[in-house]
Amino acid sequence: MANVLRNSAKFGFSGVLSQLSIHSRHGRECVSPCFSLQQRNSSTSPKIKVDLDNSTGVAVLRMQSPPVNSLSLDFLTEFCINLEKLEMDKSCRGLIITSTLSKVFSAGLDIMEMYGKSPERCGEFWKAVQEMWLKLYGSNMATIAAINGSSPAGGCLMSIGCDYRIMADNPRYSIGLNETQLGIVAPFWFKDTLVNTVGNRAAELSLELGLLYSAPDALKIGLVDQLVPEDQVLSTAQDTMSKWLAVPDHARQITKSMMRKQTIDKLLSNREADITNFVSFITKDSIQRSLRMYLEMLKSRKA
Amino acid sequence: MANVLRNSAKFGFSGVLSQLSIHSRHGRECVSPCFSLQQRNSSTSPKIKVDLDNSTGVAVLRMQSPPVNSLSLDFLTEFCINLEKLEMDKSCRGLIITSTLSKVFSAGLDIMEMYGKSPERCGEFWKAVQEMWLKLYGSNMATIAAINGSSPAGGCLMSIGCDYRIMADNPRYSIGLNETQLGIVAPFWFKDTLVNTVGNRAAELSLELGLLYSAPDALKIGLVDQLVPEDQVLSTAQDTMSKWLAVPDHARQITKSMMRKQTIDKLLSNREADITNFVSFITKDSIQRSLRMYLEMLKSRKA
Amino acid sequence: MANVLRNSAKFGFSGVLSQLSIHSRHGRECVSPCFSLQQRNSSTSPKIKVDLDNSTGVAVLRMQSPPVNSLSLDFLTEFCINLEKLEMDKSCRGLIITSTLSKVFSAGLDIMEMYGKSPERCGEFWKAVQEMWLKLYGSNMATIAAINGSSPAGGCLMSIGCDYRIMADNPRYSIGLNETQLGIVAPFWFKDTLVNTVGNRAAELSLELGLLYSAPDALKIGLVDQLVPEDQVLSTAQDTMSKWLAVPDHARQITKSMMRKQTIDKLLSNREADITNFVSFITKDSIQRSLRMYLEMLKSRKA
């Protein structure tokens, strides 16, 4: 993790949070930022690469937006378009999500989408975050997160939106909804997804303290389903997917919907209020001040 | 399990499913059918034997319908009549459910009740399945499942309808709601009961993949409460029951109702819709075709 | 535990329950009373001592009402007044609750508040129990229970009302909602709090049998978060609190409210009905007879 932080500091991924250290009952925690700062460039190269194997019906979606796969509006839009295409493609039955970057799966929401932006733009951004989760958590495909690096905040949300999580067995990689650490509150549907995954009490502890779990600790609380050596994350995801696809699609899909529909409907019927809520929170002077301090910290690190 | 499958193949218990193999995070899984085919005969011998010990207030209900205690309409009717009698009998405070058959507790719903039957008959059958669960999950008696063999699908539902589960410590015996494997969807009240027992995430994984758990794996996820050597399943159930009966009935019953009422009420207020839903699903051409293929597979095995 | 029972018998803490022994799947259980009998005196010395460290913002609330910190109306009133004061005090951000007594955290509700009292008085008492839980479970402060002794029934409720539980690593100390053992039913909000803490199934088993868990067993099911040697309970609570207070208050408080609001609102909107229900139950002849027998048992022990 230290390496990730050091490298990413050049680009903006790092943090005021390094001074914080939270001790969970499962052992040591290292704290990562939950927002990341993406290097600005005008590149039009795709942030996401999708390979669909028609013989198996399995698509691999690779996030390839250096340095840390920040979830910017552009990234999320591209992600959702790809997801929608695959969802419509009857030859695609399974989706594996992974990262081409070293040491990081995704560092979460892009801080630049929330700092100094108009309420309209903030609202557009938040709608895209909602859309990513709605599409993923409710996907008809079997979805597996092949988590080959750290995955804080929005990266964790993406992971727990899948059906199954395989993580690199590296204690330096961490995962969790750590928003609280930054003074930000994970919205109710982040919370609901986490409760559905690890149960009420682990979710409560995790969210109140903004805990990041090392890969072994994440396995202990059920935040991920399986740990494998780093170079076997993708191949294990492929093997696991073949078992998921041995189950009749129709029955699996109805069952999945039965398990998740209530949680999804709750956001669907509160979507506008959730956007309003986010915008009014993030555009507060106090929050903007926090974000500026955070950004200045990142800049001084870069210098 | 292989032996069970081999033996039962003579009678119809077996499967197209033997080709499927699901690997759970808790290790190997063997897959059993969730529907069973009962040998047809005109026997009027009871499928269930009940012994009530008036000195202890404990009844032992033995399922004795070879080859695999399939839950046919006749079986379920007899089961419910017995349960109701015991419920009305003030001298009966505790109920232990077990099987007289070797290697199987109950193989679940009888496939013949669902193949080539009129919608009316299918509806009657489903109502009986509902009734079994309603009576068991809401029983005022302390109920213990003494699971002395495999217990897939409907057999698992019966088990998790009890207050406590003691299973034979034999890795060849398996238990689980494996309906999805057959292209069938466990209805919401199967799902709710499973969630109440093992939590949301284990239930989701279990239902989406139609997992059967070996006895040791079932203990790990809390699908059963205790494993004991096969020849001690019933005696341990008796010992455990005496501890349950040391608790004042009145307080235990109100507490049980407080824990389970919401789940029971959900079916009670959707009972007709649930029947309609089942009948319209099971009488679909595609589902009937699957069942016919399954039956032909069973017949060719028998030949 | 045996020692606690023996010592406390002099004062009234003990029980008809010593004849009961419940075996949980986690090993041996010893059974303690869930109601306690407080020594009557006219002392006006405070039952609770609060020390607020203004440099850290952490208050330590010490329960010091011998012999067993019974939750009488006076005790609860004093507790709530102190809690409210701290809640209003902006310099106080964290609260640690512990006991000055040897071997007991709190023995729970005072039986004398429920025996031979008018319905009005019973209602007043129950309202105070509700108030204690409402204030604690919904507190804006970070709250840690430093459980340095046994903590049955109401003592357990107080513990699970906090954000975090550290218990003395002594197998003779036990904790649990054991009301059922006495023929009493834990009300829905006791149940909801327990479900939120240990999950549905562990709560069901625990409440139906009225289980008390030894400290190690309590850790296994997640009823407490951490065990430490007895002489380190308070210091560990202080260390842990500093980690909780490293999290921005505002985000932690909103998150806590998001996790607990629904459970709290359920009591708030049923508060009068819950009081009526308690009063009508506790003033029943049969329940009063049970309480009298229990009291006589305690008196004969004292003699």
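Before we look at two helices packing together, let me say that axes are lines fitted to C-alpha atoms, for helices over the stretch in contact, and that angles run from 0 to 180 degrees between N-to-C directions. Helices (H or I, at least four residues) and strands (E, at least two) are DSSP runs, numbered from the N terminus.

What we have here is a predicted model, in which local features need pLDDT of at least 70 and side-chain atom pairs count only at pLDDT 80 or more, while totals for chains, interfaces and linings use all residues. Residues are numbered from 1 along each chain as its sequence is written, chains are lettered from A and ligands numbered from 1 in the order in which they are written, and side-chain values use heavy atoms, with hydrogens and water left out.

Let me start with helix H3 of chain A, residues 119-137, which packs against helix H9 of chain A, residues 249-268, at an angle of about 160°, with the two axes 10 Å apart. H3(A) and H9(A) are therefore roughly antiparallel to each other, a label given to angles over 145 degrees, whereas those under 35 count as roughly parallel, 65 to 115 as roughly perpendicular and the rest as oblique. Their crossing is left-handed, meaning that the near helix is turned anticlockwise from the far one by less than a right angle, and clockwise would be right-handed.

The contact includes A:Phe79 and A:Leu83 of H2(A) together with A:Phe125 and A:Met132 of H3(A), and its residues divide into 10 nonpolar, no polar and 6 charged.

Now to the aromatic rings. Rings of Phe, Tyr and Trp (its six-membered ring) pair if their centres lie within 6.5 Å, and planes under 30 degrees apart count as stacked, over 60 as edge-to-face and the rest as tilted. Over all chains, the structure holds 21 aromatic pairs. In one of them, B:Trp133 and B:Trp189 have ring centres 5.3 Å apart and planes at 50°, so the pair is tilted. It links distant parts of the chain, since B:Trp133 sits in helix H3 of chain B and B:Trp189 in helix H5 of chain B, 56 residues apart.

How are chains A and C related? Superposed by least squares on the C-alpha atoms of residues with pLDDT of at least 70 in both, chain A can be laid on chain C with an RMSD of 0.0 Å by a turn of 120° and a shift of 0.0 Å along the axis. The two copies are thus related as by a three-fold rotation axis. In chain A, the C-alpha nearest that axis belongs to A:Gly199, 4.2 Å away.

Lastly, some backbone details. Most residues other than glycine have a negative phi, and most peptide bonds are trans. A:Lys103, although not a glycine, has a positive phi of about 75°, and A:Lys103 lies in strand S5 of chain A. The peptide bond from B:Pro66 to B:Pro67 is cis, with omega near 5°.

Methods: Contact means heavy atoms within 4.5 Å. Ala, Val, Leu, Ile, Met, Phe, Trp, Tyr, Cys and Pro count as nonpolar, Asp, Glu, Lys and Arg as charged, and the others, Gly among them, as polar.
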